[in-house]
Amino acid sequence: MRYWLFKSEPSDWSWDDQLAKGAAGEEWGGVRNYQARNFMREMAVGDRGFFYHSQKARAIVGTVEICAAAHPDSTTDDDRWDCVDIRALETLPEPVTLDAVKQTPELADMVLVKNSRLSVQPVTADEWSLICRMGGLQDG
DNA sequence: GCCAACGTTGGC
DNA sequence: GCCAACGTTGGC
């Protein structure tokens, strides 16, 4: 299983919006960046991901599961763009802020820190378990 | 609200 | 195919 991170502006699509979709999940449409799209094409059903609030919130707030592999993005007719579907799994009891990530040496190489503009990105297994613990989850 | 970083576009 | 101009993202 692989691990990922999905970024969203809460004013656009928030964790609450994602939670409201429940087990059915929701298409992660609207991504118009090749790197991000390529990562989504690599995702498999059952992979896990973090849900990150950008802009004012700047924190990892929950975990999600990939519930549909990459398929054409329904928000456009342009066939260059694919996306996956994700569903909310757990809310982090304690959100892990960008500040906290930056202050943790083991997380200094995270794409979140290194390439802050990439909206869909891979997370290593070590990063995953550490952030889960920091957020108050036993495990992913 | 500003601005740096980065990705994309389009002229040559 | 290069690169300048432009637009967008996201941290501060």
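1. A nonpolar core is a set of buried Ala, Val, Leu, Ile, Met, Phe, Trp, Tyr and Cys residues joined through C-beta atoms within 7 Å. The structure discussed here is a predicted model. Its largest nonpolar core has 35 residues, and the members that touch the most other members are Trp4, Phe6, Ile60 and Val84. Several elements each supply at least two residues of this core: strands S1 (3–8), S3 (48–53), S4, S5 and S6, together with helices H2 (34–42) and H5 (125–134). As a general background, nonpolar side chains in soluble globular proteins tend to be buried together.

2. Leaving out residues up to four places away in sequence, Phe6 touches Trp28, Gly49, Phe51, Tyr52, Val64, Ile86 and Val120.

3. An open sheet is formed by 6 strands in the order S2-S5-S4-S3-S1-S6, with mixed pairing. Strand S2 (26–27) and strand S6 (120–123) are the edge strands, each pairing on one side only. Within the sheet, strand S4 (residues 59–72) and strand S5 (residues 82–97) are antiparallel partners over 10 bridges. Ile60 stands opposite Val96 in S5; Ile60 is also one of the core residues that touch the most other members.

4. Around DNA strand C are Lys7, Glu9, Ser54, Gln55, Arg58, Leu98, Ser116, Arg117 and Ser119. By class, the surface near DNA strand C comprises 1 nonpolar, 4 polar and 4 charged residues. DNA strand B is surrounded by Asn33, Tyr34, Gln35, Asn115 and Arg117, and the surface near DNA strand B has 1 nonpolar, 3 polar and 1 charged residues.

5. Is Ser119 buried or exposed? Ser119 is buried, because 20 other C-beta atoms lie within 10 Å and the cut-off for a buried residue is 20 or more. Ser119 is placed in the loop between helix H4 (111–114) and S6. Apart from its neighbours within four places in sequence, Ser119 is in contact with Lys7, Val31, Asn33 and Ala36. Ser119 and Ser54 are 65 residues apart in sequence, yet 9.4 Å apart in space, C-alpha to C-alpha.

6. Finally, the database record. An unreviewed UniProt entry carries the annotation "domain: EVE" for residues 2–134. In the model, this span is 26% helix and 36% strand, and its end C-alpha atoms lie 19 Å apart.

Note on methods. Residues are numbered from 1 along each chain as its sequence is written. Chains are lettered from A and ligands numbered from 1 in the order in which they are written. This is a predicted model: local features need pLDDT of at least 70, side-chain atom pairs count only at pLDDT 80 or more; totals for chains, interfaces and linings use all residues. A residue is near a molecule or strand if its C-beta atom, placed from the backbone, lies within 6 Å of it. Ala, Val, Leu, Ile, Met, Phe, Trp, Tyr, Cys and Pro count as nonpolar, Asp, Glu, Lys and Arg as charged, and the others, Gly among them, as polar. Two strands pair if DSSP finds at least two bridges between them. Helices (H or I, at least four residues) and strands (E, at least two) are DSSP runs, numbered from the N terminus. A residue is buried if 20 or more other C-beta atoms lie within 10 Å of its own, exposed if 12 or fewer, and partly exposed in between; C-beta atoms are placed from the backbone. Two residues are in contact if their C-beta atoms, placed from the backbone, lie within 7 Å. UniProt positions are given in the numbering used here, feature names are shortened, and annotations may be inferred rather than shown by experiment.
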